[in-house]
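These are my notebook entries on a structure that is new to me. I record below what I looked up, entry by entry.

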Amino acid sequence: MTQPAETSPAPPRIDRTAADAQQRSAGWCMDRQTSALVPTMGALHEGHLALVRAARERADRVVVSIFVNPTQFAPTEDFASYPRDHDTDLAKLAALGVDAVFMPETADMYPAGFATTIAVAGPGEGLETDFRPTHFQGVATVVAKLLLATQPDIAIFGEKDYQQLMVIRRMVADLAIPVRIDGFATVRESDGLALSSRNAYLTPGERETAPVLHRALQTAAQAITTGGNPAQALDAARAALADAGFAVDYVELRNAETLDVVTNPAAEPLRLLAAARLGKTRLIDNIAV
């Protein structure tokens with residue numbers, strides 16, 4: 001008996017302009033279908049795909065954006081070399097049944113004469129901005145544009161970029177953008193390293209060392225949870241990272257809801273956040289305490 005031929009999943013619709021994405025969204029809305037957006041810069045890994053699966057569970061339709069946003073990169077950062085593999089990305093998204101992909105060109109997102117950006121404060125002050133001063137201005141501006149273009153009911157962001165998640169939640173609340181922002185737990189390798197497109201930059205030796213970042217945070221969290229002095233726990237984490245060969249940007253304990261400096265550890269929700277460089281690769285991570 002002849003077996004039926006396997007059918008390949010239908011490729012997602014590709015929208016190249018905001019007008020195309022808005023038209024598609026309006027059609028879903030007229031059909032009373034909800035939609036969820038997963039914003040990405042491409043170079044998709046299992047962390048991104050986990051967000052896509054979560055989106056599928058939460059909405060009728062799923063749209064993924066792929067756009068390497070130049071305004072969130074400093075002049076000395078890796079915009080030109082950031083991993084790009086759109087064909088592989090689209091194949092992965094098709095396999096998951098993604099309905100649409102928003103893939104604008106830079107000239108469409110930032111046309112000639114573009115002059116409006118979003119300034120962020122609150123959770124966008126300190127930590128990353130101590131080292132990347134304009135980063136969240138670029139992030140907030142592009143995310144607002146992506147939300148306006150795709151008009152989702154839900155947008156899902158990974159908790160690996162925890163400060164980014166808090167910035168976006170604050171922006172959406174402050175600007176009354178009608179979308180629900182969902183966080184999704186960091187997806188990790190078996191040794192604890194948070195998945196990131198930039199992990200591809202690590203040499204084999206650096207890849208063996210990289211999980212020290214997560215372990216240092218776990219050790220600090222355990223010390224704080226069991227009544228240890230937070231300042232001493234942070235100092236120990238920084239020392240462990242330096243001993244392993246990291247150049248530490250920050251290891252900080254913050255209020256998990258506001259990212260304010262913690263004044264009463266026993267009474268506040270707590271989050272440990274860290275960023276450190278290993279060779280040419282900058283790694284970030286965070287965990288709840």
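Entry 1. The model is predicted. I began with Asp 182, which counts as buried at 11% relative accessibility, the cut-off for buried being under 20%. I then looked up its partner: Asp 182 forms a salt bridge with Arg 180, and the closest N and O atoms are 2.8 Å apart. Arg 180 is partly exposed, with a relative accessible area of 44%. Elsewhere, I noted that salt bridges with shared partners join Glu 77, Glu 128, Arg 132, Asp 249, Arg 277 and Arg 282 into one network. I recorded 20 salt bridges in the structure.

Entry 2. I turned to the pair Asp 99 and Arg 61, whose side chains meet in a salt bridge of 2.9 Å, N to O. This pair links distant parts of the chain, 38 residues apart: Asp 99 lies in the loop between helix 3 and strand 4, and Arg 61 lies in strand 3. Asp 99 is buried at 18% relative accessibility, whereas Arg 61 is partly exposed at 26%.

Entry 3. I next examined helix 1. Ala 21, Arg 24, Ser 25 and Trp 28 are buried there. They lie on the same side of helix 1, because they cover an arc of only 100° around the axis. On the other side, I found Ala 19, Gln 23, Cys 29 and Met 30 exposed. What covers the buried residues includes strand 1 and helix 5.

Entry 4. I returned to Arg 24, which is buried at 5% relative accessible area. The side chain of Arg 24 meets that of Asp 15 in a salt bridge of 3.2 Å, N to O. Asp 15 is buried as well, at 1%.

Notes:
Residues numbered from 1 in each chain as written. Predicted model: local features only at pLDDT ≥ 70, side-chain atom pairs only at ≥ 80, totals over all residues. Heavy atoms only, no water. Buried < 20%, exposed > 50% of the residue type's maximum accessible area, 1.4 Å probe, protein only. Helix = DSSP H or I, 4+ residues; strand = E, 2+ residues; numbered from the N terminus. Arc of directions from axis to C-beta. Contact = heavy atoms within 4.5 Å. Salt bridge = Lys/Arg side-chain N within 4 Å of Asp/Glu carboxyl O.
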